[in-house]
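The sequence and structure come first, and the description follows.

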Amino acid sequence: VIDKVLGSFLPDGAVLVDGDLRIASGTWSYRTVDLTHVFRGDFTIDTSGLWEDHTAGGAVRFEGGGVQAFADRSSGHLGNVVVTKTPVDPHLPIRPLTLETDLRSLIRGAVTVESGAFALNGFRCICDGDVTVHAGAYLRVDPGSNLQVGQGKALVVNGKGRLDLLGTVGRPALVENQGLGKHAFRIMADGTLGAQYAVIADVDTDGLRVADGAIIDPRLPLNYCSFIRPPSGGTLLQVENDQLLEIVGADFPDKPTLSGYNVGKGLKQGHLTFIASTGAFAGEGYDDDLYERIDWHSGGLTKVTISGPAAATLGGHYTFEADVAGDLPLIPLTYTWTVTDVPEVVHTLSGLHDETECSWATTGTKSLHLRVTNEVSAVEDTYQLSIAELRISGILTGTVPGTNQWVLTLSGTSADSHYRIDFRTNMVDGVWAPAAPGGTDVPGEDVQFEWTDTGGPDRDLDSLPELYYRAVLE
């Protein structure tokens, strides 16, 4: 702990603090310039403390394998900041340097993540100089965080380094210029960028440039990112790698003062598909796409069609299908089925096809209404059919000489159902039995159809004095 009510702490050489450091009061200044001080534990500057070692060649270096926290509640700022922690190992938990307040790296101050991880944790990292992520290093701009790059300087992710801009709805991750002007933003070959719900502002005329050989994480492919305050005569997003990516919900709200492009691709490789993009500067009319490798789609739905039986039998169970068309529709889709005399059914699916099963206990004309929605649009369709009670409406004797055939007319039937024809020889003490052969699993037809009973080896129609029939829905 440094607790000096008056005066300053003036080290003659570089200091290594193996544990935590707290400047409770007083000033950490310098007697010798260009010193790099190393901190391996938490570093806190209270409101009465101050850091004033801002010489151009000096730095504050955070290192070690443990979790570290930095908090500066004073009115001052740091100079150059270097993060040299244990390299990120995908098999081990990340132990980053984490902010508990804003970090101000001013007076030509640069922020360099040489190895390990640095997480902004919802705070601002305000830098007068460059921000650089080297091989084996990871910089994470969390929800509500703000990374500010020096005017005319650069945010660069080198090969094997990674930058994640991980915003959420209502709490974007913001990258912008420190003050007025523009800055460079480069993802170099073999470097990785992941982003969602980020705001990317104040890029120079090269834009956010993803170099040939650089990687955009396909799990975080700039979905719902907003590109604002564009340069005049430049491009907001320039992607030169060979990836095939779908980018959902990108926002380009601002047109440049003069000419410019929203997205560019100068190499004949890879493909970008933008879905449901928004903003006055979105769309094909503003891209730089010499080789036709950038597409724009609404993500909306254009049509839904219900298909199913044209007629149904009372008490039967029937399946109705829905097929959706659209312009690369965004998923999920919500299917809301509203059916006469049937409780409403809602399905949320990732596909363009849905089914629902219905059964009715009353006859008459029934209606099915389907509304399908996704994030950007809605479509509807209505389908009607008639429900009737199953009946045997007529019995005719056969006309073939030497036989005693009976032709039954069944009504209230459906081509989507099967039926069973039962018979009995009297209505007092007889029992119902299938009219075999041929009386089971009888395929129906819509509205009505005829079925012929020709008897069988164990059922001689000529010898039966009485014969009764009933039809049953199978």
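## Aromatic clusters and pairs

One aromatic cluster is formed by Phe9, Trp28, Phe39, Phe43, Trp51, Phe62 and Phe70. The model is a predicted one, in which local features need pLDDT of at least 70 and side-chain atom pairs count only at pLDDT 80 or more, while totals for chains, interfaces and linings use all residues. Residues are numbered from 1 along each chain as its sequence is written, and side-chain values use heavy atoms, with hydrogens and water left out.

The structure holds 19 aromatic pairs, where rings of Phe, Tyr and Trp (its six-membered ring) pair if their centres lie within 6.5 Å, and planes under 30 degrees apart count as stacked, over 60 as edge-to-face and the rest as tilted. Phe274 and Trp296 are stacked, because their ring centres are 4.5 Å apart and their planes meet at 15°. This pair links distant parts of the chain, with Phe274 in strand S28 (residues 271–275) and Trp296 in strand S29 (residues 294–297), 22 residues apart; helices (H or I, at least four residues) and strands (E, at least two) are DSSP runs, numbered from the N terminus. Phe274 counts as buried at 0% relative accessibility, and Trp296 counts as buried at 16%, given that buried means under 20% relative accessible area, exposed over 50% and partly exposed in between (1.4 Å probe, protein chains only).

Tyr419 and Phe449 form a tilted aromatic pair, with 6.1 Å from centre to centre and 40° between the planes. Because Tyr419 lies in strand S40 (residues 418–424) and Phe449 in strand S43 (residues 447–453), the pair ties together parts that are 30 residues apart in sequence. Both Tyr419 and Phe449 are buried.

## Nonpolar cores

A nonpolar core is a set of buried Ala, Val, Leu, Ile, Met, Phe, Trp, Tyr and Cys residues joined through side-chain atoms within 4.5 Å. The largest such core has 65 residues, and those with the most contacts inside it are Phe43, Phe118, Leu165, Phe185, Phe252 and Phe274. Apart from this core lies another, of 22 residues, among them Tyr335, Cys358, Leu368 and Ile387.

Arg104, found in strand S10 (residues 103–105), counts as buried at 19% relative accessibility. Its side chain reaches the backbone oxygen of Gly76 at 2.9 Å, and, not counting residues up to four places away in sequence, Arg104 touches Asp72, Ser74, Ser75, Gly76, His77, Leu78 and Ile126.

Asn177 is found in strand S18 (residues 173–178) and counts as buried at 3% relative accessibility. The side chain of Asn177 reaches the backbone oxygen of Leu180 at 2.7 Å. Outside the four places on either side in sequence, the residues in contact with Asn177 include Gln148, Gln151, Lys182, His183 and Asp202. Asn177 and Pro11 are 166 residues apart in sequence and 34 Å apart in space, C-alpha to C-alpha.

## Backbone geometry in loops

Most residues other than glycine have a negative phi, and most peptide bonds are trans. The peptide bond from Ile331 to Pro332 is cis, with omega near 10°, and Pro332 is placed in the loop between strand S32 (318–326) and strand S33 (333–339). Ala436 and Pro437 are likewise joined by a cis peptide bond, with omega about -10°, and Pro437 lies in the loop between strand S41 (433–434) and strand S42 (442–443).

Asn121, although not a glycine, has a positive phi of about 60°; it lies in the loop between strand S11 (111–119) and strand S12 (124–127) and is partly exposed, with a relative accessible area of 38%. Tyr224 also has a positive phi, near 60°, and lies in the loop between strand S23 (215–223) and strand S24 (226–228), where Tyr224 is partly exposed at 25%.

## A partly exposed loop methionine

Met427 is found in the loop between S40 and S41 and counts as partly exposed at 46% relative accessibility. Setting aside neighbours within four places in sequence, Met427 is in contact with Trp432 and Tyr468. Met427 and Ser359 are 68 residues apart in sequence and 31 Å apart in space, C-alpha to C-alpha.

Technical notes:
A polar contact is a pair of N or O atoms within 3.5 Å; within protein, one must be able to donate a hydrogen and the other to accept it, and residues adjacent in sequence count only if both atoms are side-chain atoms. Contact means heavy atoms within 4.5 Å.
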